[in-house]
Amino acid sequence: MSSLRMTSDLRRQLILSAAKRCFARNGFAGTTTKSVAAAAAISEGLLFKHFPSKAALYAEILAEECEADPDLAHLLGLPPSTGTLVELIKGMVGHFMQICDGPDEEEAQRLRLMTTSHLDDGEFARLLYTKISDLIGSVFTESLESAVAAGDALKIGDEPLNLFWFAHHTVLMAALSRLPAVPVLTYGNAADLERQLCQFILRGIGLNEAAIATHLDHEPSPNSGQSVTAESA
């Protein structure tokens, strides 16, 4: 039984490796499950036993990239606390803003794909949201609960994970407004945009002013970064 399981896991990894090559060469739109199956030297039917669609393949690749990110791994390993919560929000905001400001066209294309999925059948966005929730959701909710217990935040509603998604929706729309070559909206004082976004979100999820002042300008702990993804979690 274990050897069968190992064979199945190995085949799954071979499919993902082939898919990475195909997506890198042809992009999402130019890649088909047939081409991935050919690259993996298997039938398309066998591919579908492991991944039901092209969107599922791509979402799995992005989730693996997130899990392999040492900055995110460090953040996920921190104990739940107000400081961890603030680092998570700072990382999320920084990640989305860097997509707009940086030269990484691949990340920008992923953001466009995520947005297009909302307007299409929603499959890719639904899959990726599930993976993001599985990866980051518990860190957010446990850190928020810790902040409430420490007196750093007020409890808002009975669904703390909703607050994570409200934060995500905020940075996603802020990023989309700046994604075109000519932004559809120009924020005043762009240099302070990330801080203002962080303040807005942290207040919205219930943190008080004292906690924000204490943690927002605090230098992140060693090895932490600004790589917390919400389209590529």
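Let's start with Cys198, which counts as buried at 5% relative accessibility; buried here means under 20% relative accessible area, with exposed over 50% and partly exposed in between (1.4 Å probe, protein chains only). This is a predicted model, where local features need pLDDT of at least 70 and side-chain atom pairs count only at pLDDT 80 or more, while totals for chains, interfaces and linings use all residues. Residues are numbered from 1 along each chain as its sequence is written, and side-chain values use heavy atoms, with hydrogens and water left out.

| Residue | Relative accessible area |
|---|---|
| Cys22 | 2% |
| Cys198 | 5% |
| Thr141 | 15% |

As for disulfides (a pair of cysteine sulfur atoms within 2.5 Å), the count comes to zero.

Thr141 sits in helix H8, residues 123-149; helices are DSSP runs of H or I with at least four residues, numbered from the N terminus. Setting aside neighbours within four places in sequence, Thr141 is in contact with Pro160 and Leu161, contact being heavy atoms within 4.5 Å.

Now the largest pocket: an open set of points on a 1 Å grid where a 1.4 Å probe fits, with protein on both sides within 12 Å along at least five of seven lines. About 280 Å³ of space lies in it, a volume being the space filled by probe spheres set on the points. Its lining has 13 residues, each with an atom within 4 Å of a point. Phe23, Gly27, Phe28, Tyr58 and Glu106 lie nearest the centre. H7 gives the most to this lining, with four residues.

Notes. Helices (H or I, at least four residues) and strands (E, at least two) are DSSP runs, numbered from the N terminus.
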